Amino acid sequence: MAVRERTETRLLDAADELLFTHGVAATPVDAILARASVSPATLYRAYGSKDGLVAAALDRRHRAWIEVWDAAVARAPDDRGRLLAVLDALDAFRARPDGARWCAFLGTAAEHADPVPAVAAALGRETDALRARLTELAVPVAGERAALLAEELMLVVTGELGMRLRGGSPPGVARAVAAVLVDRPPTPADPSLISDG
């Protein structure tokens with residue numbers, strides 16, 4: 001990337017603010033360039049295309065989200081709290097000045113039925129990280145059903161983010177739903193307990 005760090009930051013700040021507030025398709029490149037005070041040549045030299053900029057902005061947002069989530073996990077007193085910290089992190093991330101109306105990743109995925117490879121890769125990295133981290137945090141709590149519990153918690157997280165478009169859930173509802181899933185005992189109908197043999 002042949003641009004100064006300060007210029008890169010301006011481009012990513014502008015992209016983050018406009019793309020993830022107004023939408024990727026609804027935001028013309030000219031608006032990003034005007035907000036960042038850079039030339040088209042600078043954007044294309046740095047990212048190759050608008051899609052490259054979208055992917056870079058998603059990756060930067062993902063790194064910021066992981067930092068917030070890590071801090072929430074570090075504050076948790078026990079394994080159960082570390083697993084449920086993802087919901088605390090959602091609230092903390094939304095409260096940041098760069099927090100969004102809902103989720104930059106869900107919004108971008110919704111706009112792209114068939115995203116270009118760079119955007120698809122950025123979306124995939126976020127999904128894979130969410131799944132892997134939830135599974136890792138679930139192992140001390142759920143043992144063999146950690147992978148299933150992680151999938152269930154991904155649905156709760158996604159639902160909580162989606163509800164923000166409808167005015168939001170009352171505080172604590174998503175965490176309470178997640179806690180029910182975390183605390184329930186395994187049952188014979190639990191798919192994670194059904195063996196192939």
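A pocket is an open set of points on a 1 Å grid over the protein atoms alone, with protein on both sides within 12 Å along at least five of seven lines, where a 1.4 Å probe fits, and its lining residues have an atom within 4 Å of a point. The model shown is predicted, and its local features need pLDDT of at least 70, side-chain atom pairs count only at pLDDT 80 or more, and totals for chains, interfaces and linings use all residues.

View 1. Read from the N terminus, the elements run α-α-α-α-α-α-α-α-α, where helices are DSSP runs of H or I of at least four residues and strands are E runs of at least two. The C-alpha atoms fill a box of roughly 60 × 40 × 30 Å, taken along the principal axes. Of the 197 residues in the chain, 43% count as buried, a word used for a relative accessible area under 20%, with exposed meaning over 50% and partly exposed in between (1.4 Å probe, protein chains only). Where residues at least 6 apart in sequence are in contact, 69% of those contacts join residues at least 24 apart, contact being heavy atoms within 4.5 Å.

**View 2. The largest pocket, with a volume of about 370 Å³.** Helix 4 (50–75), helix 5, helix 6, helix 7 and helix 8 each supply at least two residues of the lining. Sorted by class, the lining of the largest pocket holds 15 nonpolar, 2 polar and 4 charged residues, with Ala, Val, Leu, Ile, Met, Phe, Trp, Tyr, Cys and Pro taken as nonpolar, Asp, Glu, Lys and Arg as charged, and the others, Gly among them, as polar.

**View 3. The second largest pocket, with about 200 Å³ of space.** Among the 14 residues that line the second largest pocket, D91, E160, P170, P171 and G172 lie nearest its centre. Helix 5 and helix 9 are the elements that give two or more residues to this lining, and the largest share, 4 residues, comes from helix 5. By class, the lining of the second largest pocket has 5 nonpolar, 3 polar and 6 charged residues.

**View 4. Helix 8 (residues 146–163) and the helices around its buried residues.** Helix 8 has 18 residues and reaches 25 Å from its first C-alpha to its last, close to the 26 Å expected, a span worked out as 1.5 Å times one less than the number of residues. Its buried residues are A146, L149, A150, E152, L153, M154, V156, V157, E160 and L161. They pack against helix 5 (79–95), helix 6 (104–111), helix 7 (117–142) and helix 9 (173–183). G162 also lies in helix 8, but at 24% relative accessibility G162 counts as partly exposed. The C-alpha atoms of G162 and A74, which are 88 residues apart along the chain, are separated by 26 Å.

**View 5. Helix 6 and its buried residues A104, F105, G107 and T108.** These residues cover an arc of only 165 degrees around the axis, which puts them on the same side of helix 6, the arc being that of the directions from the helix axis to the C-beta atoms. What covers them includes helix 1 (5–22), helix 4 and helix 7. A104, which is found in helix 6, is buried with a relative accessible area of 5%. Leaving aside neighbours within four places in sequence, A104 is in contact with F20, L58 and R61. From A104 to D79 the distance is 28 Å, C-alpha to C-alpha, for a pair 25 residues apart in sequence.

**View 6. The loop residue S37, between helix 2 (29–36) and helix 3 (40–47).** The phi of S37 is near 55 degrees, a positive value in a residue other than glycine. For comparison, most residues other than glycine have a negative phi. At 57% relative accessibility, S37 counts as exposed.

**View 7. A142, placed in helix 7.** With a relative accessible area of 14%, A142 is buried. The C-alpha atoms of A142 and V177 are separated by 16 Å, and the two residues are 35 apart along the chain.

Technical notes: Residues are numbered from 1 along each chain as its sequence is written. Side-chain values use heavy atoms; hydrogens and water are left out. Grid points are joined across faces, edges and corners, and a volume is the space filled by probe spheres set on the points.
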